Amino acid sequence: MDDREKLWSTTGEVLPRLGYTVEFVSDGLCVIELFRHVDLNEGPLDAVIMDLAVSGRMGGKEALVRILDVDPYLNAIVSSGYSNAPIMADYQAYGFKLW
């Protein structure tokens, strides 16, 4: 999940080469909807990679709280251009994992 579509192309090239199917969404509400749809119809996701800050919309931190209510074992990876954000130093306290 990232609001910058330029990042999608790199991820879309690398992860399928590693055997993963990749879906892209631009904000937290979309990733919640995708998570519910995929979980109900195709089985659980292996992981989600979420940006913290999404301009004017729900970011990864807020979305993860809602998703973990449904699947507390989800492998959620935080991504951010703000390396000094407190969540980046203590990502596990927010529910993110090192995967």
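Which backbone nitrogen does the side chain of Asp27 reach? That of Cys30, at 2.9 Å. Keep in mind that you're looking at a predicted model.

**Asp27, between two helices**
- You'll find Asp27 in the loop between helix 1 and helix 2, the latter spanning 28–42.
- Asp27 counts as buried because its relative accessibility is 9%, and the cut-off for buried is under 20%.
- Leaving out neighbours within four places in sequence, Asp27 touches Met1, Val54, Arg57 and Met58.

**Asp2, ahead of helix 1**
- Asp2 sits in the segment before helix 1, which covers 5–17.
- With 7% relative accessibility, Asp2 is another residue that counts as buried.
- A polar atom of the Asp2 side chain lies 2.8 Å from the backbone nitrogen of Arg4.
- Setting aside residues up to four places away in sequence, the contacts of Asp2 are Leu7, Trp8, Val25, Ser26 and Asp51.

- Strand 1 (residues 48–51) and strand 2 run parallel, and four bridges join them.
- One place to look is Val48, whose bridge partner in strand 2 is Ala76.
- Strand 2 (residues 76–79) has two faces: Ala76 and Val78 are on the covered one, while Ile77 and Ser79 are on the uncovered one.

- Which residues of helix 3 are buried? They're Gly60, Ala63, Leu64, Ile67 and Leu68.
- Looking down the axis of helix 3, you'd see its buried residues fall within an arc of 130°, so they line one face of the helix.
- Turned away from that buried side is a face with the exposed residues Val65 and Asp69.

**One aromatic pair**
- There's one aromatic pair in the structure.
- Its members are Trp8 and Phe24, and the pair is stacked because the ring centres are 5.2 Å apart and the planes are at 15°, with stacking called for planes under 30 degrees apart.
- The pair links distant parts of the chain, with Trp8 in helix 1 and Phe24 in the loop between helix 1 and helix 2, 16 residues apart.
- Is Phe24 buried or partly exposed? Phe24 counts as partly exposed, at 32% relative accessibility.

How values were computed
Residues are numbered from 1 along each chain as its sequence is written. This is a predicted model: local features need pLDDT of at least 70, side-chain atom pairs count only at pLDDT 80 or more; totals for chains, interfaces and linings use all residues. Side-chain values use heavy atoms; hydrogens and water are left out. Buried means under 20% relative accessible area, exposed over 50%, partly exposed in between (1.4 Å probe, protein chains only). A polar contact is a pair of N or O atoms within 3.5 Å; within protein, one must be able to donate a hydrogen and the other to accept it, and residues adjacent in sequence count only if both atoms are side-chain atoms. Contact means heavy atoms within 4.5 Å. Two strands pair if DSSP finds at least two bridges between them. The arc is that of the directions from the helix axis to the C-beta atoms. Rings of Phe, Tyr and Trp (its six-membered ring) pair if their centres lie within 6.5 Å; planes under 30 degrees apart count as stacked, over 60 as edge-to-face and the rest as tilted.
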